[in-house]
Amino acid sequence: MTPLSLYLLLSALLFAIGLAGALTRRNAIIVLIGIELMLNAANLNFIAFWRYGPNPEALAGVMFVIFSIGVAAAEAAVGLALIIAAYRHYRTTNLDEINTMKG
Amino acid sequence: MVETMDQIFVTLKHWLVGFAPGQCQPLFSAVLSVAAIILAFATLFAVTTLLERKGLGRIQNRYGPNRVGPCGILQPLADGVKALTKEDVIPDTADKVVHFIAPLVLVMPVLLALAVVPVGRNMAALDTDAGVLFFFAVGAATELSVFMAGWSSRNKYSLLGALRAIAQMISYEVPLILSAVTVIMAAGSLSAVRIVEAQSGYWGVIPNWYVLTPWGLAGFILFMVAATAESNRSPFDLPEGESELIAGYYTEYSGFKFALFFLGEYLGLFAVSGLGITLFLGGWHAPLPGLDWVPSWLWFFAKLLVIIAAFIWVRGTLPRLRMDQLMGLAWKFMLPMALVNIFVAGLWRFLPGGVGRWSVCSILVVGAYLLLGRLLAGRKQPGKRVYRYAE
Amino acid sequence: MTVPFAIIAFLTLASAVAAMSLRNLVHCALTLMLTFAGLAALYLQLGAQFVGFAQILVYLGAVAILIVFAILLTRASEPPRRSRFSATWVVGVGIAAGVFGVLSGVILSSRAIAGVLRPPPDLTVRQIGDQLMGKYVLPLEVIGLLLTAALIGAAIIAMHEQRGSK
């Protein structure tokens, strides 16, 4: 069976990939995807700790992930709506060009 | 004898699995189940295409296919040979990899979805605790396939068809799932096998099916309408409306890949009809108490064929909707109706049984139906119908 | 380490890297779906069936479609003319590598996580439902409110401005 540390390492690597994408890409949608990846990496940690933890009957890890998935869905919807609204205003989704505070 | 016929496939599988060496047995058993699903539903697919062409032909006052074999019953074979031997055209500008993967992404989740539908006593390939959720989860993946097909073709008709299809599938997934929720509440389980068990037994000669309750009937009708839209069938076939979009998202597909799309679409129809049977029509239970001697799997497929016949009938009868009518039906009528239905199902669960419960729940369902219909039609007064003829 | 875990982990990581680095945004979105599917498979492997199915339903069914629609609506599916990475990408990669280094250092040196694997808990959907309706009923209601607010908010933000145009 796979040890816990491998799941944690996988999740850390996913988090780092998401972070790198969110920090380096120009396109706002890809930045949002990077954030989603980071959220998912955290979810994987919750499930792994729930499974390997001392008290799996408490279901705390599973519950947290269920709520986290719900929040992530809301976040994606609002984030993408904001990106579309910004695109309508600036005609671009390039974050380097969306830099004025007052339109 | 009755027991043997009922369990013949289960016994056969156990016998075959016995030949496999000890460690490979679970894997071998899974492979056998998958092979059985593919074989059974591919055969049903062939039968359905023939029935559909024949039935539509009758409805439209023509013969339908009648050249291949006696009365044209070998037509599916000819269709298959034709699809396999045709040239596989890939557009020059297409995104080759995505274009290739799209039909596979359609067929695989549909086959997975079929695995949780119990086609007979002890005959669900995958009896998981969250079976219905699994069904809807893998069903959601088909939307992705539609997008991949439409986008990768680099064709405006394909893209428009895909966007229409996705909008339609997402809109109708909401009433589809909400109408299934009533049954999950009543049975107290997400497992398809458990839901079928909850509908066993008879009240006199009337079976304990959920469709024979006020909320069950409303839920079944909502479910089947949403299922028609989910599987892109007429009258909800705007994504592939020939007169507007050629063939929608699979305009640029030919040969075997087109056949895969066709297969995936029909398998999806079987899967969602099978789920409807499982949820509302008592699964593999016999409709009358005295008919238990007929094998359970035969009952399931008989019900499935009846539903397919109804789908063909609807396709031959109703004209295609307009896009705004389609969306309006999903969001303005079916969604509120499904929510009211969930409330009624909850009421049914807690009211004491008897005539009072029946009348209260029926009045609520029918009242909501009339009220919603009246509200939606309120502003539009249909004028006198005017006929215009070509000069 | 078992073979299924290795395969799923490799697929998840490879598709995540692809999602973050490909030129064509639609390809990014599609490979991201592979990442989400891989994560769902990992959840299933860990015995959290309900969460795995919910992950597929929400991410592959809803978030994926949202993302591809956003990409099409913002005309971002054509590859950009200039570099797709921002000017300071070295710093970004450096920070991410640093974060990973710290995290992996902590994970590998920690003795608290040498947990033993107990037999899989008999997790039924009924238990989750009971907990959601009992102990966690307040978060459940709050998330319902949040989703409703997000639904309305997203629709209003993305709606066409009616002023000025006919």
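Contact here means heavy atoms within 4.5 Å.

## Basis of the model

This is a predicted model, in which local features need pLDDT of at least 70 and side-chain atom pairs count only at pLDDT 80 or more, while totals for chains, interfaces and linings use all residues. Residues are numbered from 1 along each chain as its sequence is written, chains are lettered from A and ligands numbered from 1 in the order in which they are written, and side-chain values use heavy atoms, with hydrogens and water left out.

## Confidence in chain C

The predictor's confidence in each residue is given as pLDDT, from 0 to 100. For chain C the average pLDDT is 82, and 83% of the residues score at least 70. Helices are DSSP runs (H or I, at least four residues), numbered from the N terminus. In chain C, helix α2 (residues 25-45) has the highest confidence, with a mean of 89, and helix α5 (residues 125-133) the lowest, with a mean of 84.

## Which chains touch

There are 2 pairs of chains that touch, and chains A and C have the most contacts. Chain A and chain B do not touch, and their nearest C-alpha atoms lie 14 Å apart.

## The interface of chains C and B

Chain C gives 23 residues to its contact with chain B, and chain B gives 22 residues. The two chains bury about 2,000 Å² between them, 79% of it on carbon and sulfur atoms. Buried area is the accessible area (1.4 Å probe) that two parts lose on being put together, summed over both.

On the side of chain C that touches chain B, α2, α3 (49-73) and α5 of chain C each supply at least two residues. The largest share, 13 residues, comes from α3(C). By class, this side of chain C has 16 nonpolar, 6 polar and 1 charged residues. Ala, Val, Leu, Ile, Met, Phe, Trp, Tyr, Cys and Pro count as nonpolar, Asp, Glu, Lys and Arg as charged, and the others, Gly among them, as polar.

Ser145(B) is in helix α6 (residues 131-152) of chain B. Its relative accessible area is 0%, so Ser145(B) is buried (under 20%; exposed is over 50% and partly exposed in between, with a 1.4 Å probe and protein chains only). Leaving out residues up to four places away in sequence, Ser145(B) touches Ala102(B), Val105(B), Leu106(B) and Phe261(B).

Leu321(B) sits in the loop between α12 (296-317) and α13 (323-350) of chain B. Leu321(B) counts as partly exposed because its relative accessibility is 22%.
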